[in-house]
Amino acid sequence: MANDPIHQFQIHKIIPIENVGGLDLSFTNVSLFMVATVAIAAGFLYLTTANRGLVPSRMQSVSEMAYEFTASMLRDAAGTQGMRFFPFVFSIFMFVLVANLMGMFPYFFTVTSSIIVTFSLAILVIGTVIVYGFMKHGLKFLGLFVPEGVPGVLMPLVVMIEVISFFSRPVSLSVRLFANMLAGHITLKVFAGFVVSLSTLGALGIGGAILPLLMTIALTGLEFLVAFLQAYVFAVLTCMYINDALHPGH
Amino acid sequence: MFVTEALAAGAETAAHGAAAAAEGHGGESFPPFDASTYASQIFWLALTFGFLFWFMSKVIVPRIGGILETRQDRIAQDLDKAHELKTEADEAIAAYEQELAEAKSSANEIGNKARESAKAAAEAERQKVEKALGKKLSEAEARIASVRDKAMADVGAIAGETTEVIVKQLIGGTVTKTEITKALKSVEG
């Protein structure tokens, strides 16, 4: 079973909390790593900024960089009005980033390789956009689906396309992150598995195992990049969707 | 929520198909698509992410925002101060230059004044000396004129006397003074 690339995604209960109003809310390894993700993200930001140094220490500047990176991302996409969503976007970015990076440790569960987690986050983003959009603009928010300068005949078709594209956003947002993490981890595991199985084949096998080993090393580097990139992409798209809520006109 | 459930259900059937076809695990489904764990995952995600969001908006964002703002303020303040000091330095330089120019112009003025007064004094002295010389000159001229007049007056008498003597010597007779004078006068014309 150790070589099964799917094994790493298996969920097992640590503290069973079964049947709470018909729901199984057990504390699982996924829950454990969610707690760890939040603890690391919040703890890192909290502890490194505890000195409030005017001249930042090395770790404090990491926190400040994360802050300013997210802030400029949001400001560029949604303008200064969008800054009210900053804690939300920053939370999403840090959560996804830390979860992705934690997944790079062997034997750690990757929270973001669970479709329901990424989908819930995406629904949260889209839900925020819809609720805020209607709160701020009322029915004018529906203008989001009606692009300007489209001939009347084509309008129903275009509106339909816009509606479909809007509601496929949470799907694409969540599947992108989920699929990247899942595929990356499976590939890593498969190549790492080759190393183990080849090295049991004697001297020639050990020699041959160097190739998948190199591949595993390269993939690990790539996965670190993907871990950061996907967190960035998730946050950037969140910012752009928030921009839609703020400025529904195209 | 309707969308969620519909999608979850769709995902589940897809997962079962994929798991059965590709993995051959039999009854065991592909873990990410195992809907029986969804409630727990959503619940714990809501709990942990909710906490993270709360902590971010209450503690982290105000704190880092505050740090950055303080730094910004401090930098702006320092820049202002530097600007102020520069202005002060510029002012001092301008004042110094103005004073220097003033000193130069007053030095010029003093020099001019001194030169002028020296010139005036020299002129006055010269005029005084000239005046004195002129006086002396005219005095001398007057004296010369009087001496000459006197001499000229004496010339007649000398001539008369000389004539008397000469006549006496030449003709041995005497000539009266009146005759001589008369003769001289006719010669003089």
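The following exercises, with worked solutions, concern a predicted model.

Residues are numbered from 1 along each chain as its sequence is written, and chains are lettered from A, with ligands numbered from 1, in the order in which they are written. In this predicted model, local features need pLDDT of at least 70 and side-chain atom pairs count only at pLDDT 80 or more, whereas totals for chains, interfaces and linings use all residues.

**Exercise 1. Describe the elements of chain A and the confidence assigned to them.**

Step 1. Helices (H or I, at least four residues) and strands (E, at least two) are DSSP runs, numbered from the N terminus. Chain A contains 7 helices and 2 strands, and their order from the N terminus is β-β-α-α-α-α-α-α-α.

Step 2. The predictor's confidence in each residue is given as pLDDT, from 0 to 100. Chain A has a mean pLDDT of 90, with 98% of its residues at 70 or more. Among its elements, α3(A) has the highest mean (95) and α6(A) the lowest (83).

**Exercise 2. Identify the residues with the most partners in the largest nonpolar core, and the elements that build this core.**

Step 1. A residue is buried if 20 or more other C-beta atoms, placed from the backbone, lie within 10 Å of its own, exposed if 12 or fewer, and partly exposed in between. A nonpolar core is a set of buried Ala, Val, Leu, Ile, Met, Phe, Trp, Tyr and Cys residues joined through C-beta atoms within 7 Å.

Step 2. The largest such core has 61 residues, of which A:Val89, A:Phe93, A:Phe95 and A:Val96 touch the most other members. Two or more residues come from each of α1, α2, α3, α4, α5 and α7 of chain A, and from α2 (38–171) of chain B. The most, 11 residues, come from α3(A).

Step 3. Contact between two residues requires C-beta atoms, placed from the backbone, within 7 Å. Leaving aside residues up to four places away in sequence, A:Val89 touches A:Thr70, A:Leu74, A:Ala235, A:Thr238 and A:Cys239.

**Exercise 3. Characterise the packing of α1(A) against α3(A).**

Step 1. Two packed helices are described by the angle between their axes and the distance between the axes. Axes are lines fitted to C-alpha atoms, for helices over the stretch in contact, and angles run from 0 to 180 degrees between N-to-C directions. For α1(A) and α3(A) the angle is about 115° and the axes are 9 Å apart.

Step 2. From α1(A), the residues A:Phe33, A:Ala36, A:Thr37, A:Ile40 and A:Ala41 meet A:Met94, A:Phe95, A:Val98, A:Ala99 and A:Met102 of α3(A). By class, 9 residues of this contact are nonpolar, 1 is polar and none is charged; Ala, Val, Leu, Ile, Met, Phe, Trp, Tyr, Cys and Pro count as nonpolar, Asp, Glu, Lys and Arg as charged, and the others, Gly among them, as polar.
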